[in-house]
Structure formats: structure tokens, C-alpha cells
Amino acid sequence: MTCRNNPLSNQFRLFYISDVIGANVRIGSILLLVLLIGRSAMALQSLQLVYDQAGPEGRYDKHIVLNPAEQYIGDLTIAPGHNVYIEGAGSLIFGQNGVNAITVSGSNLDIHHCVIAGGLNGIEIEVGGSATINNNTIYGVTACGIKTGELDTIAWTTIWDNIVTECRYGIYILDEHIPHYIAFNTVHDIDSIRYAAFCPS
């Protein structure tokens, strides 16, 4: 599966990738929705609080392993200068209206096996941030499943093997700040554009 560049105008370009939109994916979305509804009565923990209380391990300043038996509020802003690891183990992170579930600015985030539902953006990497984002599911956010913005550290950012569905934009990047590696993502049921790279104004 490889991306191919298709210039449409001087204002923006689209990046397409082979998508899996068959019945198995749609069944998976239905099962995910049933799971979210079925667990809605559980108490939610603040992901920010979990982050604040986490300690270091190995090369990470914050090493977090979430408990799939718990549910989390997507309210995490990672402080500048931190190297952070999050292993979701299938945990559910519920975004809040108008707020990013996870925001990274001036830090590095390695995040795997999380399910993010709702919020403004699922994961936003801001200026000076970098990330390895793989094997996550991002579902039903208002704007972008994954938004990279103006990455100063694109050589260290990789986005692969994620499922992004029911958002306005699947994976959003600026034209001059394309991540080092982006491939094998399944993106479907998007209101606007699956993969978008907008030229800076």
C-alpha cells in the first residue's frame, strides 16, 4: 500500500492510500459502537491525572500502561520536553466536546493500542512535537482523527496501522511538514478528506 500524490490546485493536495471499506470494517465499526454504549455507565478516569502520576521507565520520562478494564477522559496535554509512552491495551479514551483527546507540543509521544472516541481532534501533534502513532482506533471526532500541524521534527514522526473513522478529516498534515513515514492506515466514513496535506497560507 503506497500513497500517491494527486495535485488538485495551488491551495491543497490530497494523499490517497488503499482503504479497506468492506463489510468486515463496517461490522467492526458497529461492534465498536455497541462496546462504547455497553460500557458508558462506567466511571471515567482523567488521562491527564494518570499522566501526571506516571513515573519514568527506560528512555521515557512518563511510561503509562492503561488498564482496559477502566475508561478514560481524553483531556491529556503533554508538557514540553517530555518523552512519553502510552500502551493502551485496548483501553477506551473518550474525548470531550471542543477539546483534543491528546495534545503533544514540544514533546515526543509513542502511543499504541488505544481506542479514542469523540472530541475535537483524536491526537494533535503541535509545533516541536513528534510521535509514533500505530495500532490505534480513532472514532467519531469532530475534526481530525490525527492532526500533525507544523512539525519541526518530522524525521521522528511515524503514523501507521491505525483505523480512523467517522471524522471530518482522517489524517491531516501541512504540505511542507509531511511525517517521515505514513502508511497502512485504514481510513473510512470521512466527511471531507481521508488524507489531506494543505499548503501553508
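This is a predicted model: local features need pLDDT of at least 70, side-chain atom pairs count only at pLDDT 80 or more; totals for chains, interfaces and linings use all residues.

Modeller: β7 and strand β9 (residues 108–117) pair in the parallel sense, over nine bridges. Strands here are DSSP runs of E of at least two residues, helices are runs of H or I of at least four, and both are numbered from the N terminus. Two strands pair if DSSP finds at least two bridges between them.

Biologist: Which residue in β9 is the bridge partner of Leu92?

Modeller: Val115.

Biologist: What else pairs with β7?

Modeller: β4 runs parallel to β7, joined by four bridges, with Ile64 partnered by Ile86 in β7. Strand β5 (residues 71–74) also pairs with β7 in the parallel sense, again over four bridges. Gly74 stands opposite Gly95 in β7.

Biologist: How many residues of β7 are buried?

Modeller: 10 of the 13, so β7 is largely enclosed by the rest of the structure. Buried means under 20% relative accessible area, exposed is over 50%, and partly exposed is in between (1.4 Å probe, protein chains only).

Biologist: OK, rings now. How many aromatic pairs?

Modeller: Two. Rings of Phe, Tyr and Trp (its six-membered ring) pair if their centres lie within 6.5 Å; planes under 30 degrees apart are stacked, over 60 edge-to-face, and the rest tilted. Tyr60 and Tyr85 make a tilted pair, 5.3 Å centre to centre with 50° between the planes. That pair links distant parts of the chain, 25 residues apart: Tyr60 is in the loop between α2 (47–53) and β4 (62–65), and Tyr85 is in β7 (residues 83–95).

Biologist: Is Tyr60 buried or exposed?

Modeller: Tyr60 counts as buried because its relative accessibility is 12%. Tyr85, at 17%, counts as buried too.

Biologist: And what about Tyr169 and Tyr172?

Modeller: Their ring centres are 5.4 Å apart and their planes sit at 65°, so that pair is edge-to-face. Both are buried, and Tyr169 lies in strand β16 (residues 169–174).

Biologist: Which lysine lies over the face of Tyr172?

Modeller: Lys147, at 5.5 Å from the ring centre. Lys62 lies over the face of Tyr51, at 5.2 Å. The rule is NZ of Lys or CZ of Arg within 6 Å of the ring centre and within 35 degrees of the ring normal.

Conventions:
Residues are numbered from 1 along each chain as its sequence is written. Side-chain values use heavy atoms; hydrogens and water are left out.
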